[in-house]
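Subject: Structure handover

Hello,

Here is the structure for you to look over. My notes on what was found in it follow below.

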Amino acid sequence: MTLEQTLPICIAGTWRLGGGERYASHYPATGEPVAWLNAASLDDVEEAVQGAHQAFLHSGWAQRKPHERAAVLYRIAELIRERGEELAQLQRQDNGKPISETRALVASAAGTFQFFASACETLEETITPSRGDFVSMSVHEPMGVVAAITPWNSPIASEAQKVAPALAAGNAVVIKPAEITPLLALQLAQICEAAGLPKGLISVLPGKGSVLGDALTQHPLIKRVSFTGGTRTGKHIAHIAADKMMPVSLELGGKSPTIVLEDADLDHAVAGVLYGIFSSSGEACIAGSRLFVARPLYAEFMQRLVAGAARLRRGAPADESTQMGPLISAAHRASVERYVALGLAEGGRLLLGGQRPAGGIFDQGYFYPPTILEGLNNSQQTCQEEIFGPVLVAMPFDSEEQLIEQANDSLYALAAGIWSRDYKRAWALGRKIQAGTVWINTYKQFSISTPFGGWRDSGLGREKGRLGILQYMEQKSLYWGMNEQPLAWAGVEARA
Ligand code: NAD
């Protein structure tokens, strides 16, 4: 790939220039272009969906035995691993995450394909208990063409979480990656084809979500949308889906509480809270962005937290030791800055950060430091809205009752963290916190074998887990008559 080239995009197995405007993916650490491509046009959306539909009908993919589909998915996992370093470096440039993180995301994508290959070849259908002279079964069928719409913060890992189960289930997939981070999805499509996926079963349509994502969602041949992104976009998609009676899964935003009880192991809690909010520069749906600390511990805990945050290594994403790279774009950094200004206007006090760093690479890229605010109360806007950056609001609490009420007082309910040495208390509290995922004495740990998703404005449906493959299938019941005699209802006349 050279900078002079305009990259082709993948339209149902045909690699050619998109029909939309030429634009570049930029390296957020320097603002320099990484690669140029043409966005897809609305005609490209039509061609991709029609081509995917034909491939679904005629490629034989859906009819292959599960172990045969699984073999292709295992091969995709292998190829991702073989090209792991190249993909991690490309992703570092595409979205500016530190190289240590992008390596982990690439490894996670490979693991996801391996996991769903295994889920595919071991999926069992059910013979249900018979209640008559028949054998009754529940089976699952692929849906057709599904759309995978993904955000910019974890390319390849997000796409893998949708594409792997969708293909394993026998479908065709059209990916609409975030406009500003299109490169890894294109690489993934190449890898799928190289692994032997029949042509046409995968497409990648880079460009504006409000145009292309909308057209895809509305398209009558799209039978399911799996979406990860902001809550406002998710609700818009849910409205379209309601009109089409189309299933969707929506992985949306968060404002997750992290709770430090008075008996917490402080070393573990400080390390966990720092990782929960400041890794990925806070650009994570599950960022632990609201911190509640038991009042007797508050002063000491905050002192240690601020010292720890000040020591985080910020800098070039290519540097192996960097923990925090730049934010994704100038516009996003401006939005984070507006939230910090709002927090101050609401009466918050800065314990750390709040000022753009200067000098060297900090002057070129979209860097923002770890920022900690206190003095706010949970109902204020800064504590209620998702900032999606390295900004933590810290609040002391006096009673468990007050804590539970405030932790649950959010439109979001994606994740939560609890730090306590008392496992029985942490268990009881964990059951009372409303969230799709609760981490106890750890944070932001993931397993592809464990379902993930949010409650309330954080989403609908679940990804991951062995049964995640069923999200991409329609259930069907089959009855096999075993009657020795004709059905009785028509009576003897019918038998004459
Ligand atoms: P976004 O909603 O702006 O965009 C997400 C995707 O949707 C992009 O591909 C975009 O082009 C597309 N899109 C935009 N408008 C659309 C429309 N009208 N119809 C169809 N598609 C459309 O989100 P973003 O800024 O890219 O990502 C950040 C958000 O994603 C944050 O809110 C974050 O919390 C959320 N997120 C959630 C999870 C999760 O698993 N819950 C994971 C990562 C990110």
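Predicted model: local features only at pLDDT ≥ 70, side-chain atom pairs only at ≥ 80, totals over all residues.

Helix H13 (400–408) and strand S18 (412–413) each supply at least two residues to the lining of the second largest cavity. Sorted by class, the lining of the second largest cavity has eight nonpolar, four polar and three charged residues.

The search of the whole structure found three cavities of 30 Å³ or more. In the largest cavity there is about 60 Å³ of space. The lining of the largest cavity consists of 13 residues, with Ala 287, Ser 289, Glu 386, Ile 387 and Phe 388 nearest its centre. Seven residues of this lining are nonpolar, four are polar and two are charged.

The shell around the ligand has 27 residues, and the closest are Thr 150, Gly 230, Thr 233, Leu 252 and Glu 386.

- Thr 150: a polar backbone atom is 2.7 Å from an oxygen atom of the ligand.
- Gly 230: a backbone N or O atom is 2.8 Å from an oxygen atom of the ligand.
- Leu 252: a backbone N or O atom is 2.7 Å from a nitrogen atom of the ligand.

How much of the ligand does the protein bury? Taken alone, the ligand exposes 850 Å², and the protein buries 84% of that. Helix H7 (209–218), strand S11 (222–228) and helix H8 (231–244) are the elements that give two or more residues to the shell around the ligand. H7 gives the most, with four residues. By class, the shell around the ligand has twelve nonpolar, eleven polar and four charged residues.

The volume of the second largest pocket is about 260 Å³. It is lined by 16 residues, and Pro 66, Arg 69, Glu 125, His 140 and Met 473 are the ones nearest its centre. Helix H2 (66–82) and strand S7 (134–142) are the elements that give two or more residues to this lining. The largest share comes from S7, with three residues. Of the residues lining the second largest pocket, nine are nonpolar, two are polar and five are charged.

Last, two backbone points for you to check. Most residues other than glycine have a negative phi. Ser 280, a residue other than glycine, has a positive phi near 55°. Ser 280 sits in the loop between helix H9 (266–278) and strand S14 (290–294). Is Ser 280 buried or exposed? Its relative accessible area is 9%, which is under the 20% cut-off, so Ser 280 counts as buried.

Asn 441 also has a positive phi, near 55°. Asn 441 is found in the loop between strand S20 (437–440) and strand S21 (455–456). The relative accessible area of Asn 441 is 22%, so this residue counts as partly exposed.

Regards

Definitions and conventions:
Residues numbered from 1 in each chain as written. Heavy atoms only, no water. Near = heavy atom within 4 Å. Polar contact = N/O pair within 3.5 Å; in protein donor to acceptor, adjacent residues only side chain to side chain. Areas by Shrake-Rupley, 256 points an atom, 1.4 Å probe, with all protein chains shown as cover. Nonpolar A, V, L, I, M, F, W, Y, C, P; charged D, E, K, R; others polar. 1 Å grid on protein atoms, 1.4 Å probe; cavity = no way out; pocket = protein on both sides within 12 Å on 5 of 7 lines; lining within 4 Å. Points joined across faces, edges and corners; volume = space filled by probe spheres on them. Buried < 20%, exposed > 50% of the residue type's maximum accessible area, 1.4 Å probe, protein only.
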